[in-house]
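I opened the model to look up two things. One was the contact between the chains; the other was the fold of the second chain.

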Amino acid sequence: MDYEGLFARLYPSLQRYLVRLTGDADVADDLAQEAFVRLLRQTIREDEVRPWLFTVAMNLVRDRARKSERRQRLLNTAPDLVARVALPDEAAERGERVMRVRGVLDQLQERDRQLLLMREEGFRYDEIAKVVGVAPASVGTLIARALRRFVALYEATEVLDEPRG
Amino acid sequence: MNHAAEGLLLAYLDGESTGEAAAEIEGHLADCGECRAELDWLRDRSALVTSALQRLDLPSALTAEQAWWRAGAATSARRAPATRRFLAGALGRAAAILLVSAAALAAIPGSPLRKLFTRLLANDPIARPVAETPAVPQPPAPEPGVAPARRADLPGVALVPTEGRVRVLVWAAAPGATIRVNLTAGNRVSVEAGSDAEDVRFRSSNSRIEVMNLGSAEAVIEIPRSLPFASLDVDGRQWLFKDGDQLRLSGPVVERGRDAVVFRAH
C-alpha cells in the first residue's frame, strides 16, 4: 500500500476533522499523526483506510478527554488564545464567531457531532454508518435530525447576540 | 399525498440516492411543493452548517512532509521489539556486548561517550528541528537583570512562531527544577536544558514546544518580547502567561528582573 500517498491525501481532512472536534491545531496534529502511526501497523484494505483512520482518531479524542481533565481544560482554552492573536476588534469578532460555533457543537450529542463533521468531510453514508455504529439506512435521517438540532441552537444564539432595545 | 421522508431527501441531496430511488424522489418532487420546500431548507441549512464549521478551522502547524516524517519516525521507534529479536542472533550477541560496554562508559559522568550521546540527542531532528526554521539572527546579549544561563552545546529546541503565539509545556519537573524565562529582542523562541537534564526530550511544532523529563534540572526559555502571546505550563499548571507587554506570573517565582523571571519547582 502507498502509505505516503494515503497520508498526503487523507491527512488534511483528518486534521481538519480533529481541529473541529478539539479546537486545537496542535492536538489535532498529534492525534492525526498517532492515527497514522497505528495505521502503519495494520493490515487493512485501502478502501477501508479512511473510515478506519477516523474511527481511531475519534477513539483517541475520547481517550484524551478521559485521561486528563486538566488536558481537557487546555483544549477548551486554546481557541480563545488563537482568536486573540489578530488585531483587537478583529480578534474579538472572530473569537465570538468561533465560540458561538464551538458552543453549539459542545451542546450536541457526540454522535450528532460525528455525523455532521463526517458529512462535511464527504464520507459516504455507508462509511459513516460503520464509524458511528448505526444502520446504513438510518444515516440520512440521523444526519437530518443532527442538522436540525445544530441549526436550532445556532439560530438561538444569533437571537441572543442581537442588540437589545 | 405521502411526503418524502426527511432522511430520504437529505440522502438525495447528498447524492446517496441513485437509479430507481433517485427517479422516484425526483418524480415526487415534481408534484410536491412541500417536499421541494423541504429540500430547499435542507440545502440552505447544510450550507449554513458548512460555513459555520469552517470558522473553527485552524491550519496545521506542520507541513504534510513534516507530519509524515514524524509519524514515520515514531513508528520506527516503536518497532524496537523487532530489533531486539534480531539482536538475539549470534551477530546480535556480539553487538549487544559492544552496546553494553558503550552504555557502561556512557554512564560515567564526564566520559567522552556520554558527551557524544548528549550531542547526538541534541542533534536528533525530532528533538531539535532548528534546521527546519528560517535562519534568524542571534539575539543580542540580554540586558542587565537575571543572568541567563546558556551554553551552545546543551540539548534544546528553537523555532520561529508563525501564528503570534507559542506554548511551552514542561513535563515531569521535580522539586528543585529551575526554569529561567528570558525576554529577548529576537524573533526566535528557544528552550535549552542544562547539562544535568539527562533524560530530557523535546517535541515541537510551529507554535508549541514540549519539554519532557526535565527532572530537577535547569531549563532556559527565551521568548521574543515582541511575541503577542506566550505561555509556560509546568505539569499542567500555568506558570506564566504573556499577553502583549503584560506578564502574568502564577508559578513559584524566586527571582525577577526586567527581562527575566526565574521559577523553581518545589
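My entries follow, interface before fold.

**Ground rules.** I am working with a predicted model, in which local features need pLDDT of at least 70, side-chain atom pairs count only at pLDDT 80 or more, and totals for chains, interfaces and linings use all residues. Residues are numbered from 1 along each chain as its sequence is written, while chains are lettered from A and ligands numbered from 1 in the order in which they are written.

**Interface.** I looked up contacts (C-beta atoms, placed from the backbone, within 7 Å). I found 36 residues of chain A in contact with 39 residues of chain B. On chain A, several helices each supply at least two residues of that side, among them H1 (3-22), H5 (88-107) and H8 (139-161). Helices (H or I, at least four residues) and strands (E, at least two) are DSSP runs, numbered from the N terminus. I then checked classes: the chain A side has 21 nonpolar, 5 polar and 10 charged residues. Nonpolar means Ala, Val, Leu, Ile, Met, Phe, Trp, Tyr, Cys and Pro; charged means Asp, Glu, Lys and Arg; the others, Gly among them, are polar.

**Chain B.** I noted 7 helices and 12 strands in chain B. Of its contacts with a separation of 6 or more, 70% are between residues 24 or more positions apart.

**Sheet.** I traced an open sheet of 6 strands in chain B, order S1-S4-S7-S3-S12-S11, with mixed pairing. Strands pair if DSSP finds at least two bridges between them. S1 (156-159) and S11 (253-256) of chain B each have a single partner strand, so one side of each lacks a neighbour in the sheet. S1(B) and S4 (189-193) of chain B run antiparallel, joined by 4 bridges. There, B:Val157 stands opposite B:Val191.

Conventions: Contact = placed C-beta atoms within 7 Å.
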